[in-house]
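This briefing is for a reader new to the structure shown below. Please look over the sequence and the model before reading on.

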Amino acid sequence: MLLLGDADLEAQLRAIRGQLHRQAQADATLQDDIADIAKRASTASGEYGMHLENSWVDEMHASVFQDAAHSTAAIGMLAPLLESLFVGIFAGIRDIAPPAQPVTPTGPRAAHAADPDFGIRMSCSARREGSARRCRTASAN
């Protein structure tokens, strides 16, 4: 990769995929357990049937939190990946040699490039009349 240098994004992606795979396996196992408890609860009776029904409710409740934890973990795994990506890109941009000839702005805005108040005037003129009055006062200072 041109700008990323030594960043091993593939290794990070493999780690993320591995963790997501393990989480998917855990989700499937929990769903199988829930289905098994539901099947046994439908045939059981008495206190044992009530116990199985309560266990089924508990497992369903736990599955909601497990799903939320897995989603949060997946988002959390993206942060270091994106950090590596941005750090590598910005370091790569920093190392790019400047152009041999200076870049000269052209076009209708080029004449205003040296005017430090031009951006303030342009942003104020695009606002409503009440806001524009405040902008004129602020830029007059």
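Does Leu 82 count as buried, partly exposed or exposed? Leu 82 counts as partly exposed, because its relative accessibility is 41%; buried means under 20% relative accessible area, exposed over 50%, and partly exposed in between, with a 1.4 Å probe and protein chains only. This is a predicted model, in which local features need pLDDT of at least 70 and side-chain atom pairs count only at pLDDT 80 or more, while totals for chains, interfaces and linings use all residues. Residues are numbered from 1 along each chain as its sequence is written, and side-chain values use heavy atoms, with hydrogens and water left out.

**Overall build**
- The protein chain has 4 helices and 0 strands, where helices (H or I, at least four residues) and strands (E, at least two) are DSSP runs numbered from the N terminus.
- Along the sequence the pattern reads α-α-α-α.
- The protein chain has 141 residues, of which 16% count as buried.
- Among contacts with a separation of 6 or more, 65% join residues 24 or more positions apart; contact means heavy atoms within 4.5 Å.

**Nonpolar surface patch**
- Leu 82 is found in helix 2, which covers residues 46-94.
- Leu 82 is one of the residues in a nonpolar surface patch of about 700 Å², together with Ile 75, Leu 78, Phe 86, Phe 90, Ile 93 and Ile 96.
- Patches are made of residues with over 30% relative accessible area and no salt bridge; like charges are joined within 9 Å, and nonpolar side chains (Val, Leu, Ile, Met, Phe, Trp, Tyr) within 5 Å.

- Ser 63 lies in helix 2 and is buried, with a relative accessible area of 7%.
- A polar atom of the Ser 63 side chain lies 2.7 Å from the backbone oxygen of Met 60.
- Not counting residues up to four places away in sequence, Ser 63 touches Leu 30, Gln 31 and Ile 34.
- His 70 is also in helix 2 and is buried at 17% relative accessible area.
- Leaving aside neighbours within four places in sequence, His 70 is in contact with Gln 23, Ala 26 and Asp 27.

**Salt bridge**
- The whole structure holds 1 salt bridge, meaning a side-chain nitrogen of Lys or Arg within 4 Å of a carboxyl oxygen of Asp or Glu.
- The side chains of Asp 36 and Arg 40 form a salt bridge at 4.0 Å, N to O.
- Both residues lie in helix 1 (residues 9-43), 4 residues apart, about one turn of the helix.
- Asp 36 is partly exposed at 39% relative accessibility, and Arg 40 is partly exposed at 38%.

Note on methods. Areas by Shrake-Rupley, 256 points an atom, 1.4 Å probe, with all protein chains shown as cover. Polar contact = N/O pair within 3.5 Å; in protein donor to acceptor, adjacent residues only side chain to side chain.
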